[in-house]
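Here is a short note to read beside the model. The points move from helix packing to the core and then to charged pairs.

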Amino acid sequence: MAEPDAKTPRERYRAQVREEIKKHAWEQIADAGASALSLNAIAKQIGVSGPALYRYFANRDELITELIRDAYRSLADIFQARAGAGLAELAYALRRWALDDPQRYFLVYGTPVPGYQAPEDTTRIASEMMAVLLDACAAVGPDASPAAPLDGHLAEHRSWAREHQAPPPALSRALLFWTRLHGVLSLELAGHFAGMGFDPAELYAAETRALANP
């Protein structure tokens, strides 16, 4: 039997309005980018005054923060649902997530919004994804080639991995996975492969195979 909703009618209404505001915010971002986000414009769209809208989000940055949290959370949930999966499965889950909503992707991995500083808890959500990735990289095993200079560097500079105990080769593989695949995705979603006459999915697959195999 479903759990009863413990929220009061006022709390449920507030949550509904906040979701409606976020829906219109995403539409604005899709049309003009996050830097053009306007709470006053959203207020007109949903039929309330500007001051009334500010009861739900104190300012533009608070709204952007909520959108970023939602975006990170959606990808973190996808990764956590695949905990224990191989690198290839994580790679294709990342690409599917990006292609499903390019504006969501660019909000968290694109050009920073001028004047906006994301709070620390968004970094914590991102670290949940990295933990799943580091587990997958550690499971690949050591590369047969000699230790790379990056391995040695990361042995002394691993604070980004938080408390994860992955060995330096796994740290290197995780960073290469993250940067190279995001590089392909960013170029694809921004349209930089248009007119080049090849399928970006094949390039992404080639990068995935190179990263997933020791």
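**Notes on the predicted model**

1. In this predicted model, α4 and α6 are roughly perpendicular to each other, since angles of 65 to 115 degrees count as such. Their axes cross at roughly 105° and come within 9 Å. By class, eight nonpolar, one polar and one charged residues make up the contact of α4 with α6. On the α4 side, Leu67, Ile68, Ala71, Tyr72, Ser74 and Leu75 take part, and they meet Arg104, Leu107, Val108 and Tyr109 of α6.

2. The largest nonpolar core has 57 residues, and those touching the most other members are Ile21, Leu63, Phe79, Leu94, Leu133, Phe177 and Trp178. Several helices supply at least two residues each, among them α1 (9-32), α4 (60-81), α7 (120-140) and α9 (168-189).

3. Take Leu133 as a case. Beyond its neighbours within four places in sequence, Leu133 is in contact with Leu87, Leu90, Ala174, Phe177 and Trp178.

4. The whole structure holds 16 salt bridges. In one of them, Glu128 pairs with Arg73 at 2.5 Å, N to O. Because Glu128 is in helix α7 and Arg73 in helix α4, this pair ties together parts 55 residues apart in sequence. Glu128 is buried, at 19% relative accessible area, while Arg73 is partly exposed at 25%.

5. Glu128 also forms a salt bridge with Arg124 (3.1 Å, N to O). These two residues are four apart in helix α7, so about one helical turn separates them. Arg124 is partly exposed, with 41% relative accessibility.

6. Elsewhere, salt bridges link Arg18, Glu19, Lys22, Glu66, Arg69, Asp70 and Asp121 in a network.

Conventions. Residues numbered from 1 in each chain as written. Predicted model: local features only at pLDDT ≥ 70, side-chain atom pairs only at ≥ 80, totals over all residues. Heavy atoms only, no water. Core = buried A, V, L, I, M, F, W, Y, C linked by side-chain atoms within 4.5 Å. Buried < 20%, exposed > 50% of the residue type's maximum accessible area, 1.4 Å probe, protein only. Contact = heavy atoms within 4.5 Å. Axes fitted to C-alpha atoms, helices over the stretch in contact; angles between N-to-C directions. Parallel < 35°, antiparallel > 145°, perpendicular 65-115°, else oblique. Nonpolar A, V, L, I, M, F, W, Y, C, P; charged D, E, K, R; others polar. Salt bridge = Lys/Arg side-chain N within 4 Å of Asp/Glu carboxyl O.
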